[in-house]
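Subject: Structure handover

Hello,

Here is the structure you will be working with. Please open it and keep it beside this email as you read.

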Amino acid sequence: MAFVLDASTAVAWCFDEHHPAADRTLELAKVSEPRAPAILWFELRNTALMGIRRGRVKAEAADGVLARIERIRIAIAPLPPAADPIFALAQRHRLTFYDAAYLELAQRERIGLATLDAALVRAATAEGVALVGA
């Protein structure tokens, strides 16, 4: 089963924030085909960096978490053919462009979305995109 994995869910894995939906999604990701826009790669590393700077995690531990996430083999989707649909979603649902990119990918590929972000959950529900792990 393919699904779009957004940063809010993967970040919960980074800091061992046991959230039932994130835990379910992690188990699903081990046996399925998670996909994400390229921004996920940057968001995960920025989160690790901020965690180190704020003392939430040591650098060695952050490296280990990122390595474990890499082993899940999240497929990075190609760039969308145009930014217009992402802008439209972002404006319609008051999302960041980054969050709208996850939603647009789920729509484009007609697959579910795994997110812990409340605004993205509302937008996905409004757009008829299935939520994974919820």
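Start with one term: helices (H or I, at least four residues) and strands (E, at least two residues) are DSSP runs, numbered from the N terminus. Two strands pair if DSSP finds at least two bridges between them.

This is a predicted model, in which local features need pLDDT of at least 70, side-chain atom pairs count only at pLDDT 80 or more, and totals for chains, interfaces and linings use all residues. Residues are numbered from 1 along each chain as its sequence is written, and side-chain values use heavy atoms, with hydrogens and water left out.

**The sheet**

Ala2 stands opposite Glu33 in E2. Strand E1 (residues 2–5) and strand E2 (residues 33–36) run parallel, joined by three bridges. The open sheet has four strands in the order E3-E2-E1-E4, with parallel pairing. Strand E3 (75–76) and strand E4 (112–114) stand at the edges with a single partner strand each, so one side of each has no neighbour in the sheet. Helix H2 (residues 20–31) packs on the sheet and touches E1, E2 and E4. Contact here means heavy atoms within 4.5 Å. The direction of H2 makes about 130° with that of E1. Axes are lines fitted to C-alpha atoms, for helices over the stretch in contact, and angles run from 0 to 180 degrees between N-to-C directions.

**The helix pairs**

How do H6 and H7 cross? The axes of helix H6 (residues 97–109) and helix H7 (residues 118–127) come within 10 Å and cross at roughly 30°. H6 and H7 are therefore roughly parallel to each other (angles under 35 degrees count as roughly parallel, over 145 as roughly antiparallel, 65 to 115 as roughly perpendicular and the rest as oblique). On the H6 side, the contact is made by Asp99, Tyr102, Leu103 and Gln107; on the H7 side, by Leu120, Ala123, Ala124 and Glu127.

Helix H5 (residues 84–93) also meets H6: their axes come within 8 Å and cross at roughly 115°. Pro85, Ile86, Phe87, Leu89 and Ala90 of H5 touch Phe97, Ala100, Ala101, Leu103, Glu104 and Gln107 of H6.

**Confidence**

The protein chain averages a pLDDT of 90, and 97% of the residues score at least 70. pLDDT is the predictor's confidence in each residue, from 0 to 100. Among the elements, helix H1 (residues 7–14) has the lowest mean pLDDT (82) and H7 the highest (97).

Best wishes
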